[in-house]
Amino acid sequence: MGCTKTVVVAGASGFIGTYLRRRFQEDGWTVRTIGRKGTGSSAAVWADDAGMARVLNGAGLVVNLAGRSVSCRYNRRNKTIIMDSRVATTQALGRAIAQCPEPPSTWLNASTGTIYRDARDRPQPETDGELGSGFSVDVAKAWEAALAAATTPATRKIPLRIAIVLGRGGGALAPFANLARLGLGGHMGDGRQKFSWIHVEDLYRSIRFLHMRTDVTGPVNVASPDVVSNREMMRLVRRAYCARFGLPTPAWFLRAGAVLIRTETELVLKSRWVQPQKLLDAGFVYSQPELGRALLQIAKGRE
């Protein structure tokens with residue numbers, strides 16, 4: 001099996017990947033990367049299976065984050081790019097790992113908590129969470145199917161159903177913070193939709209945790225247990241950024257605005273109630289379990 005202190009981060013150029021690379025290095029890991037041509041210092045590129053196999057061989061852990069941003073209009077072209085950027089890269093990793101004489105012991109592949117239905121009645125744990133429908137869910141299912149289809153018998157494979165990631169300098173928080181600063185930080189739609197989230201540091205820590213916990217298998221929900229409504233989330237955002245008031249945004253206005261800024265209202269109107277049951281049952285301890293406190297720390301410039 002590969003060395004436990006070497007990690008390969010695939011799709012490492014974004015906010016989450018940059019954070020993970022830094023934290024692994026701070027904790028004494030050797031970090032190798034896989035990415036697109038022209039993205040700088042990647043040790044291997046997606047089009048080169050043999051090169052990826054060399055980078056992966058002897059590593060203890062591979063974390064795949066590759067995927068085009070979903071913050072865009074879901075037209076035919078963007079749908080194809082979003083789907084292919086997840087499925088094709090996962091398939092490529094599977095081919096490369098199969099070529100390794102010393103394959104990684106753990107492969108953690110990004111997925112999304114959006115795979116579950118719009119849930120306002122009960123939380124959605126891994127055991128009996130109900131999958132939803134629509135394009136975003138189709139992407140998540142195809143992403144996880146590509147991971148499951150990879151023939152890597154010596155490598156444990158886990159899809160990470162990641163909630164909305166928050167952290168300083170990136171992630172999904174910036175648009176909410178900007179709205180609050182402009183006085184538009186009220187609830188969105190009816191404000192009752194659930195908001196599932198994870199601090200980027202706890203995403204990193206959960207990755208380390210799952211690598212060590214070889215008894216955990218199957219999909220894992222990576223989210224804080226502190227799920228709040230959109231109304232409460234925006235109240236906490238206003239508090240963190242010292243916004244005295246926030247005008248609410250009705251659903252019809254969001255739909256019109258989404259067309260103008262070329263995104264989808266699903267990103268804020270879908271109710272995500274992701275229950276991290278496997279992490280809780282395994283004894284994972286969160287460094288940022290409460291949304292209010294996490295937002296205050298991010299707003300003050302601390303991780």
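Reader: How are α3 and α4 oriented to each other, roughly parallel or roughly perpendicular?
Author: Helix α3 (residues 76–98) and helix α4 (residues 135–149) pack at an angle of about 15 degrees, with their axes 8 Å apart, and α3 and α4 are therefore roughly parallel to each other. Angles under 35 degrees count as roughly parallel, over 145 as roughly antiparallel, 65 to 115 as roughly perpendicular and the rest as oblique. The axes are lines fitted to C-alpha atoms, for helices over the stretch in contact, and the angles run from 0 to 180 degrees between N-to-C directions. Helices (H or I, at least four residues) and strands (E, at least two) are DSSP runs, numbered from the N terminus.

Reader: Okay, and where do these values come from?
Author: This is a predicted model, in which local features need pLDDT of at least 70 and side-chain atom pairs count only at pLDDT 80 or more, while totals for chains, interfaces and linings use all residues. Residues are numbered from 1 along each chain as its sequence is written, and side-chain values use heavy atoms, with hydrogens and water left out.

Reader: Which residues of α3 and α4 meet?
Author: From α3 come K79, I82, M83, R86, V87, T90 and Q91, and they meet F135, D138, V139, A142, W143, A146 and L147 of α4, where contact means heavy atoms within 4.5 Å. By class, the contact of α3 with α4 has nine nonpolar, two polar and three charged residues. Here Ala, Val, Leu, Ile, Met, Phe, Trp, Tyr, Cys and Pro count as nonpolar, Asp, Glu, Lys and Arg as charged, and the others, Gly among them, as polar.

Reader: What about α5 and α7, at what angle do they pack?
Author: Helix α5 (residues 173–181) and helix α7 (residues 230–240) pack at an angle of about 70 degrees, with their axes 9 Å apart, so α5 and α7 are roughly perpendicular to each other. L173, F176, A177 and A180 of α5 make the contact with M233, M234, V237 and R238 of α7, and by class this contact of α5 with α7 has seven nonpolar, no polar and one charged residues.

Reader: What does T6 touch?
Author: Leaving aside its neighbours within four places in sequence, T6 is in contact with W29, T30, R32, A59, G60 and L61. W29 also belongs to a cluster in which ring pairs link F24, W29 and Y204.

Reader: How many aromatic pairs does the structure hold?
Author: The structure holds six aromatic pairs, and F284 with Y286 is an edge-to-face pair, 4.9 Å centre to centre with 80 degrees between the planes. Rings of Phe, Tyr and Trp (its six-membered ring) pair if their centres lie within 6.5 Å, and planes under 30 degrees apart count as stacked, over 60 as edge-to-face and the rest as tilted. Both F284 and Y286 are buried.

Definitions and conventions. Buried means under 20% relative accessible area, exposed over 50%, partly exposed in between (1.4 Å probe, protein chains only).
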